[in-house]
Amino acid sequence: MTDLVADLAERVDRLLAEHPPQETDRWDFLRARYDAGLAWVHYPEGLGGLGRESAHQQAVDARLAAAGAPDNRPAGNVIGLGMAAPVIRTYATAEQQQSWLRPLWTGEEIWCQLFSEPGAGSDLAAAGASARRDGDAWVVNGQKVWTSLAHDARWALLLVRTDPTLPKHAGLSFFVLDMLTAGVDVRPLRQMTGEAEFNEVYLDDVRVPDANRLGEVGEGWRVTQATLMNERVAIGGGVGDRESGAIADVARRWRSEPSARRPELHDELLRRWIDAESLRLASARFAQKAEAGTPGPDGSGLKLAFATLAQETSSLSVALDGAEGLRYDDWSLRRPDFSNPEQRVSGFDYLRTRANSIEGGTSEVLRSIISERVLGLPAEPRVDKDIPWKDLAK
Amino acid sequence: MTSPFPSLLYSDLEDDLRATVRDLLKDRCDVDAVLRRTDGAEAFGDEARAVWTALVGDLGLAGLAVPEERGGAGASWREVAVVLEELGRSVADVPFFSSAVLATSLLTRLDADEPLASLVAGDAVAAVVAPFGGPLSASGTVRLTDAGLTGTVPLVAGAAEADWLVVPLTDAVVLVRSEDATITAVPSLDMTRRLSDVTFDAAAAEVLARGPEVGDHLRRTADLAAALLASEQLAVAERVLEMTVDYVQQRRQFGRAIGSYQAVKHRLADLWTDVMRARAVARYAAACAAAATSEDDADLPVAAAVAQAVCGEVAQRAAEECVQLHGGIGFTWEHPAHLYLKRAMADAAALGSTAWHRHRVARLVDLPAPSPLDATVSTSEE
C-alpha cells in the first residue's frame, strides 16, 4: 500500500521534472501526464492509467496542483469525463479507446450527448431519430434537443432508432458521432435565464460509420441506461465539506450583511442549512456504501433531494436580497463557460435551478423509480408495451 | 472536526447485535402485545418487566457503552444506537432510553459508581428527574436544604419504573431512592413511554455533583441523549414506512391496489428519501457520541442538534402519512399506527422540540437570529 503510494509520488515527480509545468505548453503537459498513466490511475496502462485503485487519484491531483501543474478543467467536459469515458471503456474497440480517450481526458476534444428529442423526454426510449443502414455506414435523420456543449463538442453519444418495426426499447442502437460530419447543424436553445447553455441539433442525412456503433444493433437502450446511471451519480453525488455549495453563499451573507438578516427568514435559513448538512452526510454514506461494494439505490433519492434543496436555497437567496432581488444582471443571449463560471445575481440561480428537477431525470420519474424498484410498488401501466414503435400514437 | 470522517454504515458486530435484539423482541414484545399492555393501569407490568429483564439481564445491554473498568461491556454508543433502533421498531414499553441512556450517561459522567454498578448489572433502573418534553434542564423549584429535598417535577419519563432518581438542580445533581419520593403516573400522550409527576417532601438526597460545572454536565448529557434518540426516531420512521408499503399493496379500491396510484407511490418515495437522510444524520450523531471523550465533544453538539431537527420531523411525518395512507383502519385503536404516531410526537418534543434544535444549530454554527440593531438597519433600508 505505502509502496504503491510512494511509487505514484515518484512518477508524479518524474513527470514534473521531465515536463516542468512553468515551461511546458498546457496541452503538451496534459498529454505527457496522460501518457505517464497519471490521468486516471484506475484506468489501464496505455489508456491514461496504471491499473491502480481510484482512491489514489486524489493524492496525485494534489501533488500536481501543488507544483502548479495545469489540470484538465473537468467542469468543461463533464459529459466526456463522466459519461462518455465509462461507456467507451465498456463498449468501444481497443483502437477506438486508444484514439478517443486521450484527447477526451486532456479536454482537447469535448463530448456531448444526443439523447433527448422534442417528442422523447422522460420517455427517452420513444426516441424517433432514424438510422438507415447503407453499406458500412448508417444514415441518420432527426432532431435532438437539450444538448449542452454541442457547440464546443467534437464527438457525441448518439441514440437512434435502427428498426421502427420493433417495440420501442428493442429498436434502438447507440453510436459515437463525429460532430464535424456534413449534415450536423447545431443551433443555440435559449433558456428562461437568457443564456443558451443548451442546443438543438438537427441531423440531416448524416453518415455514421458502422464501426462507431457501441453495443450490438438493437442494444442501444441498454447502453443508454448504463450511460445515464453514470449521469445520475455525477449529478447527485459529491461529498463536500460542511456548508459548501449554494448554502455557503447564503450563510456567508447572513453573517456579513446586517441588511440580509431579516427576522422572517431566520427559520428558513436554518432549515436549508440543516437540509444541506443532512444531504452532505447522506452523500457521504452513499459513497461509503459504494466503496464497500453495495451502492444501493440511494442515488435516485439524492438526486431528488438535491434538486429540491437547490431550488429552495435559491429562493432564499432572492429573499435575502430584499428589493434588490428584482434586479437582473443580463438577459442577453450568452454561452456560459463551465470551466470558468461567473457569479450571477440570485434571480439567475433561482431561474436556473428550475431545471434541476427536470434535467437528468425529472423528480416525478425519480419518484416512480424509487417507488417501483426500491419499495416494490406496482409499475405504471405500460400502454406502449409490445407495440411496434411505428404504430404508437405520437 | 479534526478526527477522520467516521463510518456511517453498520458493522458486522452491530448487525449481529441487531439480530439478537430483534429476535428477543419478536417473541416478547410484538406490537399487539405492546398495544394490549398500554391499556393496562400499570406502566411497567409483569410482561414488560420480563422484556426488560431479558434485555438487561440475559443480554446485558444496560451497560453496553459503560467502560469495562466500571462493570460495563466497553462497547460504544454506536451499538446502543442499534439497540434503540430495534426498541423503536417495536415501540417497546421498557425504560431503556430513560435509564440505560439518559441516567446511565449522566451517572457515568458524574463518576457515581455505586448506582451505576447496580444499573449495569441489571439490578436497578434509574431516571433523570426533568420534564421529558423539553430541553434537559435543572429544576428551578426543587430545593435542597438541611431537611432534605423538597419540590415537584412534572412529566418525568421512566420514573415509575425507577429505583434511583437522579435530580438535576441549578447548582447540584442529587440522588434519591424512589421509595423516598411520591411518583404519580399521569395519562401520557405516548402510552408506551409513560410519564409521572415526581414530588419530594424533605427526601433524603445524596449529592453527586455540586458547583458551576453542573450545567456543563447536563448540556453534554443532553447532547449525547439527543444524538441517540435520533436512532429511535429513525427506526420509527422506517417501520411505519414498511407497514404502509405493505398495506398499500394489499388494499384494493376501484379494482386496483392503492399502491399502484401515482399519488400514493410518490408520497412513499418522498418518505423513503427522508428516511435515507434520517439514517445518515442518526448514524453520524451516534458515531460522534461514540467518539466524544470527557475532554473533547468534537462535533457532537452540531451532530446531535442536526439529527434531532431532521429525525424528529421525519418520524412524525412518516407516522402521519402511515395513518393517512391506511385510511379508516389507521384511525382505529386496534391498529398499531397510533402507537407510532404518539411515540413520534413525544420523541419530537423530548429533549427539545425540532424547532428548538434548529435554533441550537443557529448558535453553534454562528447563524444568529437578527439582533434589534439588524431590524433597525433593514427597516431603514426598506
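A residue counts as buried if 20 or more other C-beta atoms lie within 10 Å of its own, as exposed if 12 or fewer do, and as partly exposed in between, with C-beta atoms placed from the backbone. The views below come from a predicted model, in which local features need pLDDT of at least 70, side-chain atom pairs count only at pLDDT 80 or more, and totals for chains, interfaces and linings use all residues. Residues are numbered from 1 along each chain as its sequence is written, while chains are lettered from A and ligands numbered from 1 in the order in which they are written.

**View 1. Arg334(A) in its loop.** Here is Arg334(A), in the loop between helix H9 (298-321) and helix H10 (346-352) of chain A; helices (H or I, at least four residues) and strands (E, at least two) are DSSP runs, numbered from the N terminus. Arg334(A) is partly exposed because 15 other C-beta atoms lie within 10 Å. Look for Glu195(A) too: Arg334(A) and Glu195(A) are 139 residues apart in sequence, yet 4.6 Å apart in space, C-alpha to C-alpha.

**View 2. The side of chain A that touches chain B.** In this view, 40 residues of chain A are in contact with 41 residues of chain B (contact: C-beta atoms, placed from the backbone, within 7 Å). Helix H7 (246-256), helix H8 (266-291), H9 and helix H11 (363-374) of chain A each supply at least two residues of this side. H8(A) gives the most, with 16 residues. By class, the side has 21 nonpolar, 8 polar and 11 charged residues; Ala, Val, Leu, Ile, Met, Phe, Trp, Tyr, Cys and Pro count as nonpolar, Asp, Glu, Lys and Arg as charged, and the others, Gly among them, as polar.

**View 3. H9(A) crossing H8(B).** The axes of H9(A) and helix H8 (residues 262-291) of chain B come within 10 Å and cross at roughly 95°, which makes H9(A) roughly perpendicular to H8(B) (65 to 115 degrees; under 35 is roughly parallel, over 145 roughly antiparallel, the rest oblique). Axes are lines fitted to C-alpha atoms, for helices over the stretch in contact, and angles run from 0 to 180 degrees between N-to-C directions. Asp298(A), Gly301(A), Leu304(A) and Ala305(A) meet Trp272(B), Thr273(B), Met276(B) and Arg277(B).

**View 4. An open sheet in chain B.** Four strands are ordered S2-S3-S7-S6, with antiparallel pairing (strands pair if DSSP finds at least two bridges between them). Strand S3 (residues 148-157) and strand S7 (residues 195-203) of chain B are joined by 6 bridges. Ala157(B) has Leu195(B) in S7(B) as its bridge partner.

Note on methods: Contact = placed C-beta atoms within 7 Å.
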